[in-house]
Amino acid sequence: MKKVLVLEDESSIRSFIVINLRRAGYDVIEAESGEEALEKLQENPDTRVALLDIMLPGIDGFEVCRRIRATNLRIGIIMLTARSQEMDKVTGLMTGADDYVTKPFSPAELTARVDALIRRSGVTDDTTDRITQLPFVLNTRNRTLEKDGQRIKLTQMEYAIMKMFMENPGKALSREEILDLVWGRDYFGELKIVDVNIRRLRLKIEDNATNPTYITTVWGYGYKWEA
């Protein structure tokens with residue numbers, strides 16, 4: 001079964017999440033502190049998705065996310081927060097999370113978000129081994145990106161966005177199209193997740209992220225990949 005880590009310090013909420021994910025067929029690992037979550041992940045390196053509460057005793061969910069991303073780019077990360085402030089959502093995504101869910105949430109919504117990340121991380125490519133648009137080479141067999149021969153470390157979501165852009169050079173893509181192509185048509189999140197993930201990707205691939213030349217903004221519409 002596919003493993004999911006649930007980091008939540010409130011036992012009632014954690015039990016609610018765990019029960020519903022197990023009903024959906026997931027093998028769930030529980031943790032009530034950031035330190036315990038990091039230990040559990042070391043013991044279970046095949047974990048596919050981590051659900052991280054933000055407000056925790058000890059190290060918070062943001063720091064847990066940073067530490068996970070320092071060594072693991074493949075795992076899907078969803079932030080769980082009771083707060084609706086925009087800054088919390090943006091901070092979570094910029095520290096390396098793939099998605100966020102604001103409490104209270106329905107079991108169906110949370111399961112759909114986990115399902116989407118599992119599908120994204122498990123995508124295989126059958127057509128070609130690489131897409132070359134200098135100075136970038138995207139290897140679709142091992143899911144890596146190089147710029148001028150130097151490897152750029154990408155999360156699975158960042159890889160999916162790069163692949164989408166490089167398969168659609170010069171095409172203006174709306175935020176809605178990007179959400180459908182990368183997160184899936186059954187994704188119920190907000191459009192701002194597109195903007196924040198592209199901001200994060202620009203920091204990695206652009207020579208100057210404040211004046212991007214590869215991923216350009218189509219004002220009032222979306223984004224375009226300048227091949």
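Reader: Tyr214: buried or exposed?

Author: Tyr214 is buried, because its relative accessible area is 14%, and buried means under 20%, with exposed meaning over 50% and partly exposed in between (1.4 Å probe, protein chains only). Please note that this is a predicted model, in which local features need pLDDT of at least 70 and side-chain atom pairs count only at pLDDT 80 or more, whereas totals for chains, interfaces and linings use all residues. Residues are numbered from 1 along each chain as its sequence is written, and side-chain values use heavy atoms, leaving out hydrogens and water.

Reader: How many aromatic pairs does a search of the whole structure find?

Author: The search finds 4. Rings of Phe, Tyr and Trp (its six-membered ring) pair if their centres lie within 6.5 Å; planes under 30 degrees apart count as stacked, over 60 as edge-to-face and the rest as tilted.

Reader: And which ring does Tyr214 pair with?

Author: Tyr214 pairs with Phe136 in an edge-to-face arrangement, at 4.8 Å centre to centre and 85° between the planes. The two are 78 residues apart and link distant parts of the chain: Phe136 belongs to strand 7 (residues 136-139), while Tyr214 sits in the loop between helix 8 (192-205) and strand 11 (215-218). Helices (H or I, at least four residues) and strands (E, at least two) are DSSP runs, numbered from the N terminus. Phe136 is buried as well, at a relative accessible area of 0%.

Reader: What about Phe165 and Trp225: stacked or edge-to-face?

Author: Phe165 and Trp225 are stacked, with 6.3 Å between centres and 25° between planes. Phe165 lies in helix 6 (residues 156-167) and Trp225 in strand 12 (residues 222-225), so this pair ties together parts that are 60 residues apart in sequence. Phe165 is buried, at 0% relative accessible area, and Trp225 counts as buried at 1%. Phe136, Phe165, Tyr214 and Trp225 together form one aromatic cluster.

Reader: Which contacts does Lys224 make, beyond its sequence neighbours?

Author: Leaving aside neighbours within four places in sequence, Lys224 is in contact with Phe165, Gly170, Lys171, Ala172, Tyr214, Ile215, Thr216 and Val218, where contact means heavy atoms within 4.5 Å. Lys224 lies in strand 12 and is partly exposed, with a relative accessible area of 24%.

Reader: Turning to the helices, at what angle do helix 6 and helix 8 pack?

Author: They pack at about 85°, with their axes 10 Å apart. Axes are lines fitted to C-alpha atoms, for helices over the stretch in contact, and angles run from 0 to 180 degrees between N-to-C directions. Helix 6 and helix 8 are therefore roughly perpendicular; that word covers 65 to 115 degrees, with angles under 35 counted as roughly parallel, over 145 as roughly antiparallel and the rest as oblique.

Reader: Which residues make that contact?

Author: Helix 6 contributes Met157, Glu158, Ile161, Met162 and Phe165, and helix 8 contributes Asn197, Ile198, Arg200, Leu201, Lys204 and Ile205. By class, the contact of helix 6 with helix 8 divides into 7 nonpolar, 1 polar and 3 charged residues. Ala, Val, Leu, Ile, Met, Phe, Trp, Tyr, Cys and Pro count as nonpolar, Asp, Glu, Lys and Arg as charged, and the others, Gly among them, as polar.

Reader: And how do the axes of helix 7 and helix 8 cross?

Author: The axes of helix 7 (residues 175-183) and helix 8 cross at roughly 75° and come within 9 Å, so these helices are also roughly perpendicular. Arg175, Ile178, Leu179 and Trp183 of helix 7 meet Ile193, Val194, Asp195, Asn197 and Ile198 of helix 8. The classes in the contact of helix 7 with helix 8 are 6 nonpolar, 1 polar and 2 charged.

Reader: Which residues of helix 8 are buried?

Author: They are Ile193, Val194, Val196, Asn197, Ile198, Arg200, Leu201, Arg202 and Ile205.
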